[in-house]
Amino acid sequence: QVQLAESGGGLVQPGGSLRLSCAASGLTFSRYAMSWYRQAPGKERELVAQITSAGGSTNYADSVKGRFTISRDNAKNTVDLQMNSLKPEDTAVYYCYARFSFMATLDYWGKGTLVTVSS
């Protein structure tokens, strides 16, 4: 059974930092591209950052470029999101997403972790 377990969310003041982590199990982690998505209240889920299976390439939403960094450790089956200079508009539930695409597509979502940026 595939599980993606996010952790690290919480309440932080504007300008602060948080590090989210996603621990994966039940899949061959190194074959999956990994992403972080977020969904703010009343808004659609949006892509925040993504990283290729080997970690050689990353991509970020314009709204987080220069502030967020995605990284992965294929030996530990984890993917992290370092978030700096947080803004109130970063408040959302953050989801971990795994995707493998070859002949067919396999994808999985975590349950999410809440990040609240507020003074």
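Here's a quick tour of the fold, the disulfide and the surface.

This is a predicted model, so local features need pLDDT of at least 70, side-chain atom pairs count only at pLDDT 80 or more, and totals for chains, interfaces and linings use all residues. Residues are numbered from 1 along each chain as its sequence is written, and side-chain values use heavy atoms, with hydrogens and water left out.

**Fold**
- The protein chain has 11 strands and 0 helices (DSSP runs numbered from the N terminus: strands are E, at least two residues; helices are H or I, at least four).
- Its C-alpha atoms fill a box of roughly 45 × 25 × 25 Å along the principal axes.
- Take contacts (heavy atoms within 4.5 Å) between residues at least 6 apart in sequence: 54% of them join residues at least 24 apart.

**The disulfide**
- You'll find 1 disulfide here (a pair of cysteine sulfur atoms within 2.5 Å).
- C22 and C96 are the partners, with 2.1 Å from S to S, and the link is left-handed, at -80° about the S-S bond.
- The pair ties together distant parts of the chain, 74 residues apart: C22 sits in strand β3 (residues 18–25) and C96 in strand β9 (residues 92–102).
- C22 counts as buried because its relative accessibility is 0% (buried means under 20% relative accessible area, 1.4 Å probe, protein chains only).
- C96 is buried too, with a relative accessible area of 0%.

**Inside and out**
- Of the 119 residues in the protein chain, 37% are buried.

Key
Buried means under 20% relative accessible area, exposed over 50%, partly exposed in between (1.4 Å probe, protein chains only).
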